[in-house]
Amino acid sequence: MRFLKGHGTDNDFVILPDPDNELDLPPARVAAVCDRRAGIGADGVLHVVRTKLSQEVVDQADRAEWFMDYRNADGSIAEMCGNGVRVFARYLVEAGLAEPGEFAVATRGGPKLVRLAADGDVTVDMGKPVVLGSSTTTVSGQEYTGLHVDMGNPHLACVIGDPVAHLDLTHQPAFDPAVFPNGVNIELLNAVGTHRALMRVYERGSGETRSCGTGAVATAVAAAHLAGEDTGTWTVEVPGGILTVTLDERTSYLAGPAAIIASGELTL
Ligand SMILES: N[C@@H](CCC[C@H](N)C(=O)O)C(=O)O
């Protein structure tokens, strides 16, 4: 079957076009595709399906023609992926499946409005982040406290004093399963200067990745909280590049580059 490969600030995805929702994608198959040695290699899969043909999101069919059925690298299902939806939008336009400009994409976290700019950036309206309190994580024996932020998917965003560049994120950081029964994406960040943060992330279902869009918004929320602010624009620097997050009274926006870099045939 045909596949494409794309990324947004090095958060990389295998795109599987399947308009009629005919593909069987058990976790082991997704994990095989995402394997960086024996497969194509990716942080996740963007399964492209017509919204009206997916029972899960058929109620969004009047808003969005296409459903981003997102899977993590281990094959688990996630509600939302901020970089994924930006790459998904880029794919739809390049494939002639959507008109350039503004349109909605169906996700398990609800329909997301995306906008493609002439400079190559893709912006997505991520909705209003929901802060649900605080919790802790432990990385290499060091405990950090952060904000529990719901972006459709769960996040724990911790502003820390230690330089994020020095953290060892090769292992799953510990977290409280009573707070996060379905797992959590963990962002560690340094707030630097005005409205700028350096972020690293350990993603649920994928391990450390070089970027995470929902995580960048959670990071901006945590940095804003630290500064005693609710609104504004934050630059979030991740190992894979730079994302821009805007928080306003009603919603949040995530902006950054998104590219399709390869296509081919895959033997599943
Ligand atoms: N990289 C994504 C988030 C992907 C899903 C996440 N791992 C989860 O399980 O919630 C992003 O850009 O937001």
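User: What makes up the shell around the ligand, by class of residue?

Analyst: Keep in mind that this is a predicted model. The shell has 14 polar residues, three nonpolar ones and two charged ones.

User: Which residues are the closest to the ligand?

Analyst: Those are A78, N83, N153, G213 and T214, out of 19 residues that surround the ligand. As for elements, α2 and α3 are the ones that give two or more residues to this shell.

User: How do you know that the ligand lies between domain 1 and domain 2?

Analyst: Look at who supplies the shell. Domain 1 (2-125 + 256-265) gives residues to it, and domain 2 (130-250) does too, so the ligand lies between them.

User: Where does UniProt place the "active site"?

Analyst: The unreviewed UniProt entry puts that feature at C81 and C212. Such annotations may be inferred rather than shown by experiment.

User: Why say that they gather at one spot?

Analyst: They span 132 residues in sequence, but no two of their C-alpha atoms are more than 7.6 Å apart, so they do gather at one spot.

User: Why is C81 called buried?

Analyst: Buried takes 20 or more other C-beta atoms within 10 Å. C81 has 32 of them, so it counts as buried. C81 sits in the loop between β4 (66-72) and α2 (82-94). Leaving out residues up to four places away in sequence, C81 touches G44, Y70, G213 and T214.

User: And what makes C212 buried or exposed?

Analyst: C212 has 36 other C-beta atoms within 10 Å, so with a cut-off of 20 or more, it is buried. Its loop runs between β14 (207-209) and α3 (213-227). Beyond its neighbours within four places in sequence, C212 is in contact with N11, N83, N185, V201 and E203.

User: What makes α2 largely enclosed by the rest of the structure?

Analyst: Count its buried residues: 11 of the 13 in α2 are buried, so the helix is largely enclosed. Among them are N83, R86, F88 and Y91.

Notes: Residues numbered from 1 in each chain as written. Predicted model: local features only at pLDDT ≥ 70, side-chain atom pairs only at ≥ 80, totals over all residues. Helix = DSSP H or I, 4+ residues; strand = E, 2+ residues; numbered from the N terminus. Buried ≥ 20, exposed ≤ 12 C-beta atoms within 10 Å, placed from the backbone. Contact = placed C-beta atoms within 7 Å. Near = placed C-beta within 6 Å. Nonpolar A, V, L, I, M, F, W, Y, C, P; charged D, E, K, R; others polar. Domains from an automatic or database assignment.
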